[in-house]
Amino acid sequence: MTEIPTPAITPINQPYWSGLDEGELRYQRCGACGNAWLPAREECPRCLEDDVTWQASAGRGRIISWVVYHQAVHPSFADRLPYNVAIVELDEGPRLITNITAPVDELAIEQPVVIRIEREADVSIARFAPA
Ligand SMILES: [Zn+2]
């Protein structure tokens, strides 16, 4: 069996991953302009200030888009086919790339979703289910 690829955890994104381990989806917000985003970075992608704080999301959002994979991007995902990769916009504003834990034919643009943190290969992963 092929090992599942795991994320590279760095000092910059570590609060995101440890938040998921603690049952909380965290995102970054700029103290200068109020912008909120994911994934983690050292400065605000809008104004480039480094006044960055971590905040907890309520874990609710909506589906912006998705694709369905019929060929596995990695051999360890072959038994999941077909699977979706979606963009979810959190109610707080940040967007993240994720999976929706629902059959592909039940997905819809603007569909409300709620976070479902799943443990896989010793990493907590933020996925979403229909709300
Ligand atoms: Zn900013």
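## A residue by residue tour

Begin with A121, which is partly exposed, with a relative accessible area of 42%. You'll find A121 in the loop between β7 (112–120) and β8 (123–130). Keep in mind as you look around that this is a predicted model. Now check the backbone here: A121 has a positive phi of about 50°, even though it is not a glycine.

**Next, L48.** Here's another non-glycine residue with a positive phi, this time near 70°. L48 sits in the loop between β2 and β3. Is L48 buried or exposed? Its relative accessible area is 58%, and that is over the 50% cut-off, so L48 counts as exposed.

**Stay in that loop for P39.** The loop between β2 (36–37) and β3 also holds P39. Select L38 along with P39 and look at the link between them: the peptide bond is cis, with omega at about -5°. It's worth a look because most peptide bonds are trans.

**Now jump to P82.** What kind of peptide bond joins L81 and P82? That one is cis as well, and its omega is about -15°. P82 is in the loop between β4 and β5 (83–90).

**On to the aromatic rings.** Show the side chains of Y16 and W17. A pair of aromatic rings is described by the distance of the centres and the angle of the planes. The model has three aromatic pairs. For Y16 and W17, the ring centres are 4.9 Å apart and the planes meet at 90°, so this pair is edge-to-face. Both partners are tucked away: Y16 is buried at 12% relative accessible area, and W17 is buried at 15%.

Then select F77 and Y83. They make an edge-to-face pair too, with 5.9 Å from centre to centre and 75° between the planes. F77 is buried, with a relative accessible area of 16%, and Y83 is buried at 12%.

**Select S57.** This serine is in the loop between β3 (52–56) and β4 (60–69). Why does S57 count as buried? Its relative accessible area is 12%, and the cut-off for buried is under 20%, so S57 qualifies. Where does its side chain go? It reaches the backbone nitrogen of G59, at 2.8 Å. Now look at what surrounds S57: setting aside neighbours within four places in sequence, S57 is in contact with L25, Y27, L90 and E92.

**Finish at the β5 and β6 hairpin.** These two strands run antiparallel, and four bridges join them. Pick out E89 and look across to β6: the residue opposite is R95. Between the strands of this hairpin there are four residues, and G93 takes a positive phi near 120°.

Which residues are on the covered face? Those are L96 and T98, while R95 and I97 make up the uncovered one.

Technical notes
Residues numbered from 1 in each chain as written. Predicted model: local features only at pLDDT ≥ 70, side-chain atom pairs only at ≥ 80, totals over all residues. Heavy atoms only, no water. Buried < 20%, exposed > 50% of the residue type's maximum accessible area, 1.4 Å probe, protein only. Polar contact = N/O pair within 3.5 Å; in protein donor to acceptor, adjacent residues only side chain to side chain. Contact = heavy atoms within 4.5 Å. Phe/Tyr/Trp six-rings, centres within 6.5 Å; stacked < 30°, edge-to-face > 60°. Pairing = 2+ DSSP bridges.
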